[in-house]
Amino acid sequence: MGKIDKGVGCNVGGCSNPAVRSLSRSQIGGSGLSVSGEGRRVYLCHDHYKVWKKATKKSKDLERARW
């Protein structure tokens, strides 16, 4: 049973929604989200995960093109 199933909250400052996804802290860099807390994992709610996904879409496409 992971932390999301246990009911961990979103790590973005000012958000109190329950988390639905976890990402490594290095993946958050450059997305513009202000993440609080420490640790290797960052937990995001549905709304902030959509913001992160939209902000990093272009860089992921460029990374995928290098294959």
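User: What makes up the fold of this protein, and how many helices and strands does the protein have?

Analyst: The protein has 4 helices and 2 strands, and this is a predicted model. Read from the N terminus on, the elements follow the order α-β-α-β-α-α. Along the principal axes, the C-alpha atoms fill a box of roughly 40 × 25 × 20 Å.

User: How do you know that Cys10 is in no disulfide?

Analyst: A search of the whole structure finds 0 disulfides. For Cys10, the nearest cysteine sulfur is that of Cys45, at 3.8 Å, whereas a disulfide requires the two sulfur atoms to be within 2.5 Å, so Cys10 is counted in no disulfide.

User: What is the nearest cysteine sulfur to Cys45, and why is Cys45 in no disulfide?

Analyst: The nearest cysteine sulfur to Cys45 is that of Cys15, 3.6 Å away. Because the cut-off for a disulfide is 2.5 Å, Cys45 is likewise in no disulfide.

User: Why are Cys10 and Cys45 described by the word they are given, buried or exposed?

Analyst: Buried means under 20% relative accessible area. Cys10 has a relative accessible area of 9%, and therefore it is called buried; Cys45 has 2%, so Cys45 is called buried as well.

User: Where does Ser31 lie, and why does Ser31 count as buried?

Analyst: Ser31 lies in the loop between α2 (25-28) and β2 (41-44). Its relative accessibility is 11%, and because the limit for a buried residue is under 20%, Ser31 counts as buried.

User: Which residues is Ser31 in contact with, leaving aside its neighbours within four places in sequence?

Analyst: With those neighbours left aside, Ser31 is in contact with Trp52, Ala55 and Thr56, where contact means heavy atoms within 4.5 Å.

Definitions and conventions
Residues are numbered from 1 along each chain as its sequence is written. This is a predicted model: local features need pLDDT of at least 70, side-chain atom pairs count only at pLDDT 80 or more; totals for chains, interfaces and linings use all residues. Side-chain values use heavy atoms; hydrogens and water are left out. Buried means under 20% relative accessible area, exposed over 50%, partly exposed in between (1.4 Å probe, protein chains only).
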